[in-house]
Amino acid sequence: ALENGKRLGLKDNADLRFLLDGAKLTKIRSKSWHKSRYFNLMEDCRTIMCSSKKLGKKGNTFLIDDIESVRKGRQTEGLKKHTDPDEEEKCFSIMFKGSKKNLDFMVNSKEEAHRWVTSLEKLMNHAQNLNKKQEREHWFISCMRKADKNKDNKMTLKELKHFLRQVNIEVDDTYVEEIFKKCDTSNSGTLEDLEIEEFYSLLTKREEIDVIYAKYAKTEGEMSARDLLDFLLNEQREQATIESALKLIEKHELDEAAKQKKRMTKDGFVMYLNQEDGCIFNPAHSPVYQDMSQPLNHYFISSSHNTYLMEDQLKGPSSTEAYVKALMKSCRCVELDCWDGPNGEPIIYHGYTLTSKILFKDVIRAIKDYAFKTSPYPVILSLENHCTVEQQQLMAHHLIDILGSALVTKPLGDTMPASLPSPEELKGKFLVKGKRLNKLDAMFSNNNTTVEEDSVSEEDEAVDCKENDQKAKAKKAKIKLAKELSDIVIYCKSVHFGGFEHARDNQSFYEMSSLKESKAFQLADASATAFIHHNMDKLTRIYPAGSRTDSSNYNPVPMWNVGCQIVALNFQTNTKEMHLNQGRFLPNGFCGYILKPEFQRSPSSQFNPQSLTEGPWLQKKVLHVLVISAQQLPKLNKDKQNSIVDPLVKVEIQGVAADNDKKTTHHIENNGFNPMWNTKFEFPISVPELALLRFVVEDHDSASQNDYIGQYCLPLTSVRNGYRHVPLLTKRGDIIPSAGLFVHIMLMDQK
């Protein structure tokens, strides 16, 4: 176990020993369900066991990689409901990626709770910071451990064959026997120690990289700094210097002797290609690099629809946790469907359905706690208000009381503004989107004689929601609005959309409309240029049709093409549309704000994504993609011994209609470990600033739909030329450790 700890960079670590020793914790599920569980880290230092019997006895297990976060205190709905407030410091929770339920625990003292939280967090950080070589070796060793049936740390030929199935590769028996004999230098009939290392070396040999390395390693079979510079200039098309080449050697070379000579060995070269420096995504776009001082409407804003839902729109659970998950993905606009609740407290749920209900004030507390953990830029609270005046007053009280000075309750500055403030000016702030009783100008007028309450039209989405409900349809499309709630709507006043001409003549910069997807797509097809100009000085929110009861999503790309900022999606549904959303917001520090292209912001622009004419948006390019190989694709059916994937790769462009395209490689039979395609594709591109590049790896099935293995999506403007590593993500958007594609990319001007 401590050897595995060393590989994780945790040699002689007290936290590691604490987790390996384990302890008895109290697991909490309800008021009456408080049960003792033995909890410890297993020998591989990546798996945790939770057992009802004794330490080390059989129980449920999960991987450190599966943990999203560890929360100290009573921060989950379960702990708040089922434990007393005075036990706050003895509680902690383990939150998982995806839909796996969190684990809530209580221990004997606050010191013990603190120890568990800090130890788990340190182990998680170490696991995340493994370099690719350590990651691959760790994965390899854990697979070998599973294959070593009699646990003698030796591999027989039979165990070796079992191991190859574990790592998702089917190899001819003759070849397996050949490798085995080659490595079994002691002629013992088993592989051990250095023989296993030799086996690992043979198995992970990358022929495609050997060829590239041999071409440039001109200094005694190794790459000098000058050789590496030639590679960076000729293949990677980078603006490199001899100094930057030396920095890469210092950073990635593993062999100290080579490093002293300022050279890069083949192992160092593989390390470079698999790290951020060799990634397809431009690392200069990882931090916030765009101008954040433009008006809010000049940005695409990552936005969620019916944020409170964990599953479908009819009977699924509502949860504050859904808000936490969305905010931790840098979502910057969340939706709150507000209804009258019992005991005078407003609640949130999907009206006229069987979805469960949560308290409005609990949601606001959760939003306050998690809004700015992954991004400092403003969060918009989109209110769909169905409450009576009394409960609206309480909503306003909760917003002001809980959010405090972070809530924008008046325009910035002392005079009436002429445009929306910037994300930079609104850092750490909350904006309320909703109905308002009067114009914003009234705040700067001497005779601000607003009535205490009045009737206003319902939100357009609320009206659409009623279309499928006969009882609701009969109700008036007007609600009484409390002054207290009206007064905290500053920069995002909801108004009905009456057409582009009407909006141009009557709509103020702080007034915004919400459009159902069908209406928005219709406008984008018929009046794209007018739509773009409307979005140059006003915000527009798009939301999914009410008929999407399964929480499916529409394609957000056509909406971005016409400059819509708040393109709201069901974040809980992990399909292609959310992958595109994740790709769109991947650059700029993953902060939830992306500056729109100049031609979507300039009043003189005549850009129309439907019919491309000459203009600054037209930058005709050709994208050349060579899909070379993949490494360590995950086995899909882990329970089925002989199940090996038959991978294929789809490469697609999503952008303006003229650029949309998809191409597919052939599939490789029975090899998820190191399949090789060497397949070339070409994509003509007209508007690169709006294009997204997406790679999808699937398991070919001739009898039914292909199974998803992994994907990666990024803006074409963040793609780097040359030989590049493409990480792969799960459907939920989490990185798949050790898996990836190897490609060659060249984006060139059209001749």
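Modeller: Let us begin with the term we need: an axis is a line fitted to C-alpha atoms, for helices over the stretch in contact, and the angle is taken between N-to-C directions, running from 0 to 180 degrees. Please keep in mind that this is a predicted model. With that in hand, helix H15 (residues 360–370) and helix H16 (residues 389–403) pack at an angle of about 25 degrees, and their axes are 10 Å apart.

Biologist: Why do H15 and H16 count as roughly parallel to each other?

Modeller: Angles under 35 degrees count as roughly parallel, and because the angle here is about 25 degrees, H15 and H16 fall into that class. Their crossing is right-handed.

Biologist: Which residues of H15 and H16 meet?

Modeller: From H15 the residues are Phe-360, Lys-361, Ile-364, Arg-365 and Lys-368, and on the H16 side they meet Met-395, His-398, Leu-399, Ile-402 and Leu-403.

Biologist: And how do H14 and H15 pack?

Modeller: H14 and H15 also have an angle of about 25 degrees, with 9 Å between their axes, which makes H14 roughly parallel to H15. The crossing of this pair is right-handed, and the residues that meet include Tyr-323 and Leu-327 from H14 and Val-363 and Ile-367 from H15.

Biologist: Is H14 mostly covered or mostly open?

Modeller: Helix H14, which spans residues 320–328, is mostly covered, since eight of its nine residues are buried. Among them are Glu-321 and Lys-325, as well as Ala-322 and Val-324.

Biologist: What caps the N-terminal end of H14, and what follows the helix?

Modeller: The N-terminal end is capped by Ser-319, which has a side-chain oxygen 2.9 Å from the backbone nitrogen of Glu-321. After H14 comes Ser-330, and its phi is positive, near 65 degrees.

Biologist: Changing topic, how many disulfides does the structure hold?

Modeller: It holds zero disulfides. Take Cys-333 as an example: the closest cysteine sulfur belongs to Cys-331 and is 6.6 Å away, which is too far for a bond, because a disulfide needs the two sulfur atoms within 2.5 Å.

Biologist: Are Cys-333 and Cys-50 buried or exposed?

Modeller: Cys-333 has 0% relative accessibility and counts as buried, and Cys-50, at 10%, counts as buried too. The cut-off behind this is that buried means under 20% relative accessible area.

Biologist: What about Phe-269, where does that lie?

Modeller: Phe-269 lies in helix H13, which covers residues 266–274, and Phe-269 is buried because its relative accessible area is 0%. If we leave aside neighbours within four places in sequence, the residues in contact with Phe-269 are Ile-209, Ile-212, Tyr-213, Met-223, Phe-231 and Met-264.

Key:
Residues numbered from 1 in each chain as written. Predicted model: local features only at pLDDT ≥ 70, side-chain atom pairs only at ≥ 80, totals over all residues. Heavy atoms only, no water. Buried < 20%, exposed > 50% of the residue type's maximum accessible area, 1.4 Å probe, protein only. Helix = DSSP H or I, 4+ residues; strand = E, 2+ residues; numbered from the N terminus. Polar contact = N/O pair within 3.5 Å; in protein donor to acceptor, adjacent residues only side chain to side chain. Parallel < 35°, antiparallel > 145°, perpendicular 65-115°, else oblique. Left-handed = near helix turned anticlockwise from the far one by under 90°. Contact = heavy atoms within 4.5 Å.
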